[in-house]
Amino acid sequence: MSIADSSDHAGIAGNGGNPNASDPADHLYMTRALELARQGLYSTHPNPRVGCVIVKDGQIIGEGWHVRAGEPHAEVHALRQAGERAQGATAYVTLEPCSHFGRTPPCADALVNARVGRVVAAMQDPNPQVAGRGLSRLAEVGIQVACGVLENEARALNQGFIKRMVTGLPFVRVKLAMSLDGRTAMASGESQWITGPAARTQVQRLRAQSSVVLTGADTVLMDKARLTVRADELGESAEQASLAMGRQPQRVLVDSQHRVPLDVAFFQAGPAWVASLSTERATQYQTQGHELLALPEDNGHIALQPLLQLLADRGMNEVLVEAGPRLAGAFARQGLVDEFHIFMAPKLLGSMARPLLDWPLSTMSEAPELEIIEFTSVGRDWHIVAKPVSGVPAPLIS
């Protein structure tokens with residue numbers, strides 16, 4: 001039974017006995033906690049992004065956010081700032097306080113020891129090691145608990161962490177750049193640059209928040225791609241740029257036939273994982289600081305769902321696919337895409353240019369539907385965020 005569904009635990013009493021009831025002040029302070037959590041957008045991997053605000057007598061007396069795995073959690077930072085004034089205060093936290101010993105002690109115990117009077121969580125922690133136990137721990141000692149304040153906003157901030165915990169798969173974004181006529185490259189493969197500098201800044205931010213940037217052999221060979229995060233193109237504050245550069249996303253190359261030589265820019269840019277169908281060249285990769293991932297076959301190609309499961313098993317929350325029409329199309333056809341990020345430039349590349357996705361469809365009834373959830377201008381280009389209306393359901397963890 002979840003805390004949100006329980007009303008018979010001592011201390012779990014919101015307004016009128018509803019544990020999820022809240023007043024406008026709860027929304028105000030949780031909004032601030034979410035702002036703090038977003039500061040960890042680039043740095044908390046593999047942990048979730050969490051913020052905490054401690055309030056007493058209508059005044060914020062402590063704030064904190066989780067910066068990096070292995071470092072103190074948001075609640076600890078906020079409690080340190082509040083000091084003895086935390087006694088009897090209300091703590092607003094964007095994710096249920098942890099109740100288990102990991103690389104840091106349980107935050108639920110820290111709140112208990114500080115003798116706060118009330119804890120408001122935006123959502124329960126989907127981690128099976130927590131999953132309501134943190135809130136129960138607080139309620140058992142008489143701390144009033146509420147859960148569900150701005151839950152949708154909290155979930156949006158940690159989509160990858162939540163999906164990995166619930167399904168055993170990471171959250172997958174596919175980034176595509178196209179012309180107005182839906183083309184991604186000339187017939188020769190030439191594609192730099194379809195979009196302008198502002199769109200490229202957005203792509204850098206997508207990379208920086210991702211656990212993995214995944215690409216294919218064609219993209220690496222044609223575009224001489226490195227797929228790294230570059231501080232000068234992030235367009236962020238010095239502090240945020242420093243956090244982003246402190247954790248480069250893991251780069252993964254899908255290269256079933258070992259077509260990409262080790263002397264290309266992609267491999268020279270840092271350690272990479274190579275997904276392949278055989279263990280051939282494993283020693284060569286290892287000598288150069290890279291790792292070979294041997295995966296099962298799917299109709300002559302690398303099986304993509306097992307690849308995603310392997311990445312999730314290694315703690316990868318969010319995967320950004322930056323690949324050509326074939327690999328991007330394979331993810332789409334198999335229902336493995338959670339979001340499409342399409343950058344559209346005011347250009348026409350013509351009928352001989354390459355399509356957005358390699359996805360042969362013969363009838364209108366076969367056309368997959370997308371829901372556009374964001375449409376914004378970025379310089380002279382447009383950024384469209386869309387999600388599939390339906391897809392292949394991911395297996396739940398047993």
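Angles under 35 degrees count as roughly parallel, those over 145 as roughly antiparallel, 65 to 115 as roughly perpendicular, and whatever is left as oblique. Everything here is a predicted model, where local features need pLDDT of at least 70, side-chain atom pairs count only at pLDDT 80 or more, and totals for chains, interfaces and linings use all residues. Residues are numbered from 1 along each chain as its sequence is written, and side-chain values use heavy atoms, with hydrogens and water left out.

**View 1. The whole protein.** The protein has 13 helices and 18 strands; these are DSSP runs numbered from the N terminus, with helices (H or I) of at least four residues and strands (E) of at least two. Of its 398 residues, 51% are buried, where buried means under 20% relative accessible area, exposed over 50%, and partly exposed in between (1.4 Å probe, protein chains only). If you take contacts (heavy atoms within 4.5 Å) between residues at least 6 apart in sequence, 69% join residues at least 24 apart.

**View 2. Helix 3 packs with helix 4.** Here are residues 107-114 (helix 3) and residues 133-140 (helix 4), at an angle of about 20 degrees and with axes 9 Å apart. The axes are lines fitted to C-alpha atoms, for helices over the stretch in contact, and angles run from 0 to 180 degrees between N-to-C directions. Helix 3 and helix 4 are therefore roughly parallel to each other. On the helix 3 side, the contact is made by Ala108, Asp109, Leu111 and Val112, and helix 4 brings Gly134, Arg137 and Leu138. Sorted by type, the residues of this contact come to four nonpolar, one polar and two charged. For that count, Ala, Val, Leu, Ile, Met, Phe, Trp, Tyr, Cys and Pro are nonpolar, Asp, Glu, Lys and Arg are charged, and the others, Gly among them, are polar.

**View 3. Leu36 in helix 1.** Look for Leu36 in helix 1, which covers residues 24-38. Leu36 is buried, at a relative accessible area of 3%. Setting aside neighbours within four places in sequence, Leu36 is in contact with Gly51, Cys52, Val53, Glu63, Gly64 and Trp65. Arg49 sits 13 residues from Leu36 in sequence and 8.9 Å from it in space, C-alpha to C-alpha.

**View 4. Gln209 in helix 7.** Gln209 belongs to helix 7, residues 197-209. Gln209 is buried too, with a relative accessible area of 15%. Neighbours within four places in sequence aside, its contacts are Leu41, Tyr42, Arg49, Arg173, Arg247 and Glu318.
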